[in-house]
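The points are grouped by topic.

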Amino acid sequence: MSLIKILRKTCRKALFTTPSHGQKYFIFNKFRNFYKYDISETDFYNPQEALEKAELQASKIYGTKSTLFLTNGSSSGIIAAVLASVSAGEKVLLWRNAHPCHNNAVKLAGAVPVYYDLQISQEWDIPLKTTVENLETYLKNEKIKAVIVTSPTYEGIVSDIQALKSLCSKYGAYLIVDEAHGALYPFSENLPESAVKIADFTIQSLHKTAGGLNPTALLHCNCNLDIKKALSLINTTSPSYPLLASIEANINFLNSKRGKKQLELLISNIKSLKENCSNCEFFGDDITKILVKHKDYTGFELSEHLYEKENIEDEKTNSKSTMLLCGIGTGEKKLKRLENALRKL
Ligand SMILES: Cc1ncc(COP(=O)(O)O)c(C=O)c1O
């Protein structure tokens with residue numbers, strides 16, 4: 001039985017169990033259905049077994065050794081991957097300006113951080129990809145046990161994960177890929193190649209680009225380390241089944257004909273936006289991140305102009321460029337509005 005079926009069945013029973021809101025919404029009625037489906041892990045229909053089945057099915061879809069559902073974001077997946085890979089005192093190679101969870105993971109593992117830097121594009125004011133050259137000296141000279149790479153970057157710059165995996169294998173280090181911003185990659189040939197089948201661990205936020213609720217995410221594993229045990233060190237024993245069921249539904253949607261059609265439509269809509277805005281420049285490996293600049297504006301000015309004059313809010317801005325993030329839920333109408341605003345610049 002799928003997770004969602006269990007939730008539908010259980011919410012009709014008289015439950016003398018946790019959670020004690022009794023599947024009612026007397027406290028916050030806007031979340032009526034969320035309360036209704038919020039059941040306990042000890043429920044009669046065995047949602048834990050259903051979760052294991054859903055995760056197994058997901059690993060088949062992604063082509064991984066195992067795939068685990070996360071309800072505390074990519075942050076928890078990255079922490080678990082580091083906890084599984086290294087022991088106290090061992091070294092982890094990580095990007096100096098990575099998301100804070102990378103450093104937190106190293107700290108929690110009692111490991112030793114070794115930092116690498118990335119080249120910054122002067123033209124776009126963004127970090128560029130992680131290369132073999134960025135990492136090899138450290139791997140050669142220090143006893144590195146795990147490497148964390150962010151690909152794509154926030155702005156949509158993608159690294160050659162196959163080359164980085166070969167490098168890590170050569171030096172006996174685990175490769176952990178923070179693919180938080182690339183959860184759509186496994187579902188389209190028109191997007192960059194995902195790390196899910198290549199890296200030892202790949203972590204993706206479903207909530208960032210793939211239509212998931214905050215903070216749903218996935219942890220993909222291709223090695224023999226005990227990732228479930230590592231995850232149990234930081235996970236609650238009372239998971240949110242509505243969120244877990246939403247992950248199951250999310251993956252099924254992305255993998256369905258309907259989901260794939262919607263993704264291809266998004267990609268072709270963004271493609272035509274970029275073609276129609278010949279007054280602007282675009283950059284990046286991932287078409288769904290609209291990294292844009294205009295010769296008459298700094299990135300900050302462009303961001304302010306879009307916000308003040310067009311009521312359009314971007315995701316991230318720097319001195320040279322502005323990034324507008326799109327995902328599976330970004331519709332044609334919204335993109336047309338952005339296109340018109342950019343063409344007017
Ligand atoms: C590159 C990167 N990695 C990891 C994370 C953490 O993801 P989550 O919010 O799903 O925990 C973020 C969040 O912004 C991020 O930008």
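The model is predicted, and local features are reported only where pLDDT is at least 70. The domain assignment of the chain gives domain 1 (72–238) and domain 2 (261–343).

**Domains and their contact**

- The C-alpha centres of domain 1 (72–238) and domain 2 (261–343) are separated by 27 Å.
- Domain 1 brings 20 residues to the contact, and domain 2 brings 21 residues.
- On the side of domain 1 that touches domain 2, the residues divide by class into 11 nonpolar, 5 polar and 4 charged.

**Packing of α3 with α10**

- Helix α3 (residues 47–62) packs with helix α10 (residues 241–254) at an angle of about 25°, and their axes are 10 Å apart.
- Angles under 35 degrees count as roughly parallel, and α3 and α10 are therefore roughly parallel to each other.
- On the α3 side the contact is made by P47, L51, A54, A58 and I61, and on the α10 side by Y241, L244, E248 and I251.
- The contact of α3 with α10 comprises 8 nonpolar residues, no polar residues and 1 charged residue.

**Packing of α6 with α7**

- Helix α6 (residues 132–141) and α7 pack at about 10°, with 10 Å between their axes.
- This angle makes α6 roughly parallel to α7.
- V132, L135, E136 and L139 of α6 meet A163, L164 and L167 of α7 in the contact.
- By class, the contact of α6 with α7 has 6 nonpolar residues, no polar residues and 1 charged residue.

**Packing of α11 with α13**

- Helix α11 (residues 257–276) and helix α13 (residues 332–343) have axes that come within 10 Å and cross at roughly 10°.
- That crossing makes α11 roughly parallel to α13.
- The contact involves N269, I270, L273 and N276 of α11, together with E332, L335, L338, E339 and R343 of α13.
- In the contact of α11 with α13 there are 4 nonpolar, 2 polar and 3 charged residues.

**Backbone geometry in loops**

- S151 and P152 are joined by a cis peptide bond, with omega near 5°.
- P152 lies in the loop between β6 (144–150) and α7 (161–170).
- The peptide bond between N214 and P215 is also cis, with omega about -15°.
- P215 is located in the loop between α8 (206–209) and β9 (217–221).
- D125 is a residue other than glycine with a positive phi, near 60°.
- The loop that holds D125 runs between β4 (120–121) and β5 (126–127).

Terms used: Residues are numbered from 1 along each chain as its sequence is written. This is a predicted model: local features need pLDDT of at least 70, side-chain atom pairs count only at pLDDT 80 or more; totals for chains, interfaces and linings use all residues. Axes are lines fitted to C-alpha atoms, for helices over the stretch in contact, and angles run from 0 to 180 degrees between N-to-C directions. Helices (H or I, at least four residues) and strands (E, at least two) are DSSP runs, numbered from the N terminus. Angles under 35 degrees count as roughly parallel, over 145 as roughly antiparallel, 65 to 115 as roughly perpendicular and the rest as oblique. Two residues are in contact if their C-beta atoms, placed from the backbone, lie within 7 Å. Ala, Val, Leu, Ile, Met, Phe, Trp, Tyr, Cys and Pro count as nonpolar, Asp, Glu, Lys and Arg as charged, and the others, Gly among them, as polar. Domain bounds come from an automatic or database domain assignment.
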